[in-house]
Amino acid sequence: MNADEARLAYVLRLGDNALILAQRMVELVAVRPDLEEELANANFALDYLGQARLFYSYAAELEGKGRGEDDFAFLRADNEFRNFLLVEQPNGHFGDTITQCVLFESFYLLQLAALTTCSDSRIAEIAARAEKELRYHVRHNAQWLVRLGDGTAESHTRVQASLDRLWRFTGEMFAPDDVDLEFSAAFDGPDLAAIEERWCANLASILETATLRLPESGWMASGGKDGRHTEHFGFLVAEMQHLQRAYPGATW
Amino acid sequence: MTQNKEWPLYEVFIRSKAGLSHRHAGSIHAADDQMALDHARDTYTRRSEGVSIWVVRSSNIVASDPAETSAFFEPAEDKIYRHPTFYDIPDGVENL
């Protein structure tokens, strides 16, 4: 794999993470517990959708085969997506969503911060914009994790269970593969080992405030970065792509 | 949750740009002060309406009593000399 191939794959992964998490949040539109959180969720989904579009547009330019952002989002098969397993996990209760967001976003924020100083100026610009959005997401969702963890006995038990269940999907974020290594070497990209260290420290501090227990590191699921997804993913993609598949080229 | 308790009401004040004062934008529900600030941000500044937000518990606002309107405000109505309308403004002065 040369540097250009790694960069294209890396940018697509960034776009895929943003798009798939946006799609999960879109599923929650109109079912959040109150109007204010409803707006917050929709804002977050739009932030991610905007980031996905920027990454896909750049990927389209890098690829140079005439594909556009819609082709990446709506006309690829499920095994062509390279998002983390963590962001595709189905929505459960409110605490599941908050936990999923805290785990992913506290990683993504560090990844974006590192990308703002990479040597590819387009990626650095997109990362700078996204980082501002993510700083707010992390603040908002971490506060919620603290409220739920340090809330009632019921909320504490349920959100601890969310954490224990989702924990197995976090290892993939920090396990570098050829794309990560080649991109980082060629474009001065993120050092995943350093990010993992800071992520653990940040998370431990949030969990301490939330009176939650950091799960023990054990077996970790992986495969999202290679296109091997969990069983829920096909349904997400089917719903997301339905319109373009049923009415190819439809616009409004 | 066995009951669906309403969160307290907060009043939201937004400053649209530096130099202007905060103006009342509306109200939101939130469980605590930090959440109130987040909700105000998400509800009232989605279209770049502000550079600064204040939130305050509605119950902490002391308001004038509508029944006291005559005692509070009417005495000022016939005191026109309190308005600076009796000065001759020299020509060419736009702002005094």
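Is A:D188 buried, partly exposed or exposed, and how many other C-beta atoms lie within 10 Å?

The model is predicted: local features need pLDDT of at least 70, side-chain atom pairs count only at pLDDT 80 or more, and totals for chains, interfaces and linings use all residues. Residues are numbered from 1 along each chain as its sequence is written, while chains are lettered from A and ligands numbered from 1 in the order in which they are written.

**View 1. A:D188 in the loop between α9 (178-187) and α10 (192-209) of chain A.** A:D188 is partly exposed, with 15 other C-beta atoms within 10 Å. On that scale, with C-beta atoms placed from the backbone, 20 or more others within 10 Å make a residue buried, 12 or fewer make it exposed, and partly exposed lies in between. Although not a glycine, A:D188 has a positive phi of about 55 degrees. Most residues other than glycine have a negative phi.

**View 2. B:S48 in the loop between α1 and β3 of chain B.** B:S48, also not a glycine, has a positive phi near 60 degrees. This residue counts as exposed, with 8 C-beta neighbours inside 10 Å.

**View 3. The open sheet of chain B, with strand order β2-β1-β3.** Pairing among the 3 strands is antiparallel, where a pair requires at least two DSSP bridges. Helices (H or I, at least four residues) and strands (E, at least two) are DSSP runs, numbered from the N terminus. β2 (23-29) and β3 (52-57) of chain B each have a single partner strand and stand at the edges, so one side of each is left without a neighbour in the sheet. β1 (residues 9-15) of chain B is joined to β2(B) by 6 bridges, and β1(B) pairs with β3(B) over 6 bridges.

**View 4. B:Y10 and the two faces of β1(B).** The bridge partner of B:Y10 in β2(B) is B:I28, and in β3(B) B:Y10 stands opposite B:R57.

**View 5. The contact between chains A and B.** Chain A contributes 7 residues and chain B 10 residues, a contact being a pair of C-beta atoms, placed from the backbone, within 7 Å. On the side of chain A that touches chain B, α2 (35-63) and α6 (121-149) of chain A each supply at least two residues.

Terms used. Contact = placed C-beta atoms within 7 Å.
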